[in-house]
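Q: Please take a close look at one helix in this predicted model. I would like to know how its sides differ and what surrounds it.

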Amino acid sequence: QLMDLAGVKSMVLMARYYRDAKSAGNGSDEQALEFARRFPGRFIPFVAGQRGDLGGRNRRVWEGPTQTGYNFLQQAERKSQSGGYLGLGEFILKHYAYTNFGAQGGNDVDLPVNSYLMHRIAEVAVKYSLPVLIHLEAEPDKVTAMAQLLETKRGAKFIWAHNCGRSSAQQIREFLTRYANLTCDLGGMTAT
């Protein structure tokens, strides 16, 4: 009903796998899939990328083969193969945490973009024709790494969250012109 009131026809659902409700909530991929089945055409379920074991300060899982990365890839492969999920993500690679009053908090995320694990995720996405949603602030070094990823994985479709990491209009135009495998979402993000 709230979607109807707001004029929203459909929306992507991505679970957030964190330890407890206080640290950002909890849900599951299966819950997102169930909503999509209960309300056909309203919800677009993604295999969630917001997971405590993949995020935060856990750079090692992104930089090379690890059991955690392998476990996630196996799960993503199995769920993607089911045909019920329509994307992978959101993978938070560069993010500034905010307090309730808009000031920066202390739980910033800074993970590699053009990384071992992202390449493996992109391979799963290509295999099942799914987009990969990435949250990445458009800082110069991150923009360079994103360009390298887009260039290296041209067969994968990427969605760069929040207006391509809150990029300038010129930078967004340049990226969209250069990379046919990139979409920038229009989901706004504010600090307050």
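A: Helix H4 runs over residues 67-81, which gives it 15 residues. From its first C-alpha to its last it reaches 21 Å, and this is close to the 21 Å expected at 1.5 Å a residue.

Next, the sides of the helix. The buried residues in H4 are Gly69, Phe72, Leu73, Ala76, Lys79 and Ser80. They lie on the same side of H4, because they cover an arc of only 135° around the axis. The opposite face, turned away from the buried side, carries Gln67, Arg78 and Gln81, which are exposed. "Buried" here stands for a relative accessible area under 20%, and "exposed" for one over 50%.

The chain just after H4 has a feature of its own: glycine 83 takes a positive phi of about 85°.

Elsewhere in the structure, a search of the whole finds one disulfide. This disulfide joins cysteine 164 to cysteine 184, with an S to S distance of 1.6 Å. Cysteine 164 lies in helix H7 (residues 161-166) and cysteine 184 in strand E9 (residues 182-184), so the pair ties together parts that are 20 residues apart in sequence. Both cysteine 164 and cysteine 184 are buried.

Notes. Residues are numbered from 1 along each chain as its sequence is written. This is a predicted model: local features need pLDDT of at least 70, side-chain atom pairs count only at pLDDT 80 or more; totals for chains, interfaces and linings use all residues. Side-chain values use heavy atoms; hydrogens and water are left out. Helices (H or I, at least four residues) and strands (E, at least two) are DSSP runs, numbered from the N terminus. The expected span of a helix is 1.5 Å times one less than its number of residues. Buried means under 20% relative accessible area, exposed over 50%, partly exposed in between (1.4 Å probe, protein chains only). The arc is that of the directions from the helix axis to the C-beta atoms. A disulfide is a pair of cysteine sulfur atoms within 2.5 Å.
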